[in-house]
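Have the model open while you read.

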Amino acid sequence: LTPLLFFDGVGLRAAVFGSVLLALSPAFVFYSRYYIHEMLLVCFVAGVLGGLWRYLRTGRRRWMALAGLCLGLAAATKETFVLSLAAVFIAAALMLILAGRPTPIHIFNRDGLLGLAIAALVWTLLFSSFCQNPKGIADAVLTYKHWIDRAGMQSVHAHPWYWYLDLLTWNELTERITWNEDVLVAGAAVGFFLAFTRPQGLSHRRPFCVFWALFTLILTAIYAAIPYKTPWCVLNFLYGMALLAGFAADRLLRGDMSQWQRAVLCGLLAIFGLLSPLVQSLFLNTRYSSYPGNPWVYAHTSPQIFEMEAAVRQAAAAHPDGAAMAIEVIAADNDYWPLPWYLRDFTQVAYLNAVDWKRSNPALVLMAAAMESAVIEKLYGTPPPGERDLYVPLFDVPLALRPGVRWVGLIRHSLWESAFRRKADASDPPPPNPNGAFMEIATNRDSVEHLVKFSHQAMNTVFEIWIEHPDGSYAGRAARLAFHEADRLEGQLSRFVENGDIGRINQAKAGQRITISPDTAACLRIGLDAGRLTGGAFDITIGQLVQLWKAGQPTDKEIAQAMSGRSVPAIELDDAAMAVRVLREDPGIDLGGVAKGYAIDRMADVLREWGVERALLHCGSSSILAMGPPSGKDGWAIQLNNPCNADTPPKRLLLSHAVLSCSGLQRGRHIIDPATGRAVTDKQAVWLLSRGSAAQADALTTALMVMSSEKSEQFAAAHPDLAILYFSAQGSTPAVKFGTWPIVP
């Protein structure tokens with residue numbers, strides 16, 4: 001709003017235009033998001049000039065007091081205020097020469113002395129910490145020696161004279177489209193030219209416009225001449241450009257033109273002066289707020305700082321000392337900011353610029369990636385044999401502290417086990433042994449370029465993701481977010497998580513209504529639909545029976561007791577309201593037959609959001625989702641092992657944009673028939689190949705294990721789009737196959 005202080009110097013409409021341009025300026029909006037000194041400095045300098053101008057126009061002492069207050073605040077904000085002050089004096093002197101007539105300046109009087117006194121008082125109070133640190137006053141002067149040395153030195157912040165103008169403008173002939181301030185720069189150029197003309201009726205404004213044009217030009221030249229440059233410094237002279245651009249728009253609209261020409265001009269001003277900067281500001285401050293391609297992002301902290309902080313806090317939560325856990329943060333030249341801020345409540349953090357061989361090894365070390373080898377050498381080289389701790393990576397892949405600044409972490413293996421290793425529920429069986437799996441990944445890493453593999457334990461099994469991508473680090477971040485999705489879904493869908501959606505449903509009383517998440521509702525819907533599709537062979541309400549069989553061989557009485565009451569429906573799902581009404585006590589919801597497949601589906605969605613198209617996902621080798629095939633291949637190679645005869649040569653499939661699911665009886669696992677409450681015994685395994693979802697495929701393979709051979713054949717005939725293969729529990733009986741299986745030699 002400060003341009004409105006100059007309404008009678010450039011015209012009210014021009015001042016309003018200048019305020020609007022400032023309000024929508026991508027640079028000003030972006031740097032308003034957080035604390036940067038230039039935002040205050042520009043505001044205070046505008047206050048100085050606005051106060052002086054209002055005093056010259058009105059003669060009222062309060063305006064001089066405002067100018068003095070803002071001058072003191074500007075001086076206390078940043079050393080570069082002297083550049084703006086120098087530009088003011090030079091522009092004022094040149095204006096007196098170029099304005100064409102004497103322009104008296106009535107500030108060298110008692111009111112002017114009052115303003116200077118207020119500025120000196122504010123400056124003294126702030127730099128002395130309100131008289132608590134008198135030495136700060138001397139430091140405020142001595143700082144200029146350091147500042148001058150820094151301004152002229154060669155460093156990573158040294159840039160050519162045109163660097164700021166290159167940031168502000170977009171050359172459509174040589175540069176890809178990016179964010180810019182073309183409107184302000186072009187408008188300022190036009191406004192600078194118009195400031196030196198003498199239109200009839202505007203002559204009383206000419207001295208101010210000449211001063212403002214010179215002030216903006218001189219300040220721009222000063223900043224261009226200083227080698228040390230950072231992008232936020234453009235705000236100092238961009239403010240002047242905004243007012244000049246507003247002045248130019250006002251003068252252009254006053255020109256002699258036809259009605260349609262005026263309409264075209266108004267349309268162009270609206271599009272390029274309002275709509276374009278508004279859209280740019282929205283994108284810059286949301287999706288691209290820390291994107292390196294954003295011209296205003298400069299040495300910004302990466303959002304991955306939150307992942308680093310979360311990992312440290314999770315480790316500390318499992319450590320006996322908690323926030324007093326010993327931590328080392330190591331970076332050359334002490335370049336570890338802002339970790340001291342995010343770890344400020346940890347009391348035993350050592351911030352080092354090199355490996356300290358005399359310090360005892362901590363529980364956790366964060367370091368710049370370049371320091372990792374030296375840190376590992378110290379961690380394993382200093383303790384005597386037999387007393388060395390094993391250290392493992394804290395992050396799956398290096399994280400960015402800032403763009404291009406990669407950091408890694410090391411943590412004691414014992415602490416990692418306590419903090420990050422997911423413990424299997426006591427009621428659940430141990431994760432399946434990959435060596436006994438019916439399906440195995442047969443893709444050869446050497447045969448696919450840029451192939452990376454990631455593993456993660458969740459839902460009492462091991463999830464794996466194979467990704468073909470030229471940037472392994474990028475693929476790792478995508479995989480990590482996909483694994484986070486599996487962890488999130490486990491909290492909602494596991495019946496062993498008491499405060500999860502399924503846990504709350506199972507604990508609810510008959511008639512109670514439970515609000516659930518969209519994922520839980522979708523998973524329940526898949527399960528209920530699979531039950532209807534298979535005539536009840538798949539049932540998500542057999543939790544009591546599953547628990548009974550996990551405890552051992554149940555008696556007929558125990559089975560009958562668990563089956564009692566199952567004639568009454570367990571739940572009623574309201575998809576639109578995302579709610580479940582419980583119809584009977586202890587509904588026994590168990591999504592074990594669909595949850596892992598549903599997690600695979602959602603993980604694939606995450607990969608697609610990251611632009612990953614060539615990937616293979618599986619959980620415990622029982623459910624495989626193949627996305628796009630590897631480059632130059634027809635599909636992902638999968639090996640199928642005969643569950644009845646280990647001596648039978650395995651079969652190989654090539655999967656692409658398909659789902660392969662397997663259910664079977666192995667290693668003591670039980671599949672329960674909902675109709676009888678007893679474990680299935682007549683089938684050894686069922687394989688199903690589908691183009692649908694992994695969640696549905698998992699539910700159907702479980703149902704096909706339960707169905708009789710006749711019903712299985714009827715189901716297969718009714719669904720020719722599915723490829724089904726099932727093995728009888730009698731090893732001598734050949735497998736029964738339906739549909740097309742892409743078997744390769």
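Q: What stands opposite Leu573?
A: Leu573 faces Val580, which lies in strand 12. This is a predicted model in which local features need pLDDT of at least 70 and side-chain atom pairs count only at pLDDT 80 or more, while totals for chains, interfaces and linings use all residues. Residues are numbered from 1 along each chain as its sequence is written, and side-chain values use heavy atoms, leaving out hydrogens and water.

Q: How do you know that strand 11 and strand 12 pair?
A: Two strands pair if DSSP finds at least two bridges between them. Strand 11 and strand 12 (residues 579-582) have 4 bridges, in the antiparallel sense, so they meet that definition. Strands themselves are DSSP runs of E, at least two residues long, and helices are runs of H or I of at least four, numbered from the N terminus.

Q: What makes strand 10 and strand 11 edge strands?
A: The open sheet has the order 10-12-11. Strand 10 (513-515) and strand 11 (571-574) each have a single partner strand, so one side of each lacks a neighbour in the sheet.

Q: Why are helix 20 and helix 23 called oblique?
A: Angles run from 0 to 180 degrees between N-to-C directions, with axes fitted to C-alpha atoms, for helices over the stretch in contact. Under 35 degrees counts as roughly parallel, over 145 as roughly antiparallel, 65 to 115 as roughly perpendicular and the rest as oblique. Helix 20 and helix 23 (residues 595-609) pack at about 125°, and are therefore oblique to each other.
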